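We will go from one selection to the next.

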Amino acid sequence: MNQWLYLLRPVRPELATNPTPEEAAAVERHFRRLQNMLTEGRLILAGRTMEDIPFGIVVFDAETEDEARAIMDGDPAVQEGVMTATLHPYRVALMRGN
């Protein structure tokens, strides 16, 4: 299994502090999907920075780039235009607990 990272950036800088109801719902669906990926054993780590204009990362397993891109493109926050995403091959070198 290969590891991948997708970098998420909010379309509106105010997403983190003042989301619209539609944005908040999309982010909730995004978070639930990440929780499901964790339960399935596919998600390695996910989180966001705590800056004025934050960005997030999702590190996960997928066999191929096409599969990884489908996972990224299927993220509700990306599908609904709340966040943009870019895909990167990735390899965790060190991680606490492993």
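Select Phe-60. Phe-60 is buried, at 0% relative accessible area. Buried means under 20% relative accessible area, exposed means over 50%, and partly exposed lies in between (1.4 Å probe, protein chains only). Note that this is a predicted model: local features need pLDDT of at least 70, side-chain atom pairs count only at pLDDT 80 or more, and totals for chains, interfaces and linings use all residues. Residues are numbered from 1 along each chain as its sequence is written, and side-chain values use heavy atoms, with hydrogens and water left out.

Tyr-6 and Phe-60 form an edge-to-face aromatic pair, 5.7 Å centre to centre with 75° between the planes. Rings of Phe, Tyr and Trp (its six-membered ring) pair if their centres lie within 6.5 Å; planes under 30 degrees apart are stacked, over 60 edge-to-face, the rest tilted. A search of the whole structure finds 1 aromatic pair. Tyr-6 sits in strand S1 and Phe-60 in strand S3, so the pair ties together parts 54 residues apart in sequence.

Next, show the strands. Helices (H or I, at least four residues) and strands (E, at least two) are DSSP runs, numbered from the N terminus. What is the order of the 4 strands in the open sheet? The order is S2-S3-S1-S4, and the pairing is antiparallel. Strands S2 (43-48) and S4 are the edges, each pairing on one side only. From one strand to the next, the twist averages 20°.

Zoom in on S1 and S4. They pair in the antiparallel sense over 8 bridges; two strands pair if DSSP finds at least two bridges between them. Click Gln-3 and look across: Tyr-90 in S4 stands opposite.

Contact means heavy atoms within 4.5 Å. Axes are lines fitted to C-alpha atoms, for helices over the stretch in contact, and angles run from 0 to 180 degrees between N-to-C directions.

Move to helix H2 (residues 65-73). Ala-68, Ile-71 and Met-72 are buried here. Seen down the axis of H2, the buried residues fall within an arc of 100°, so they line one face of the helix. They pack against S1, H1, S3, helix H3 (76-79) and S4.

Last stop: Arg-91, in the segment after strand S4 (83-90). Arg-91 is exposed, at 73% relative accessible area.

Methods: Arc of directions from axis to C-beta.
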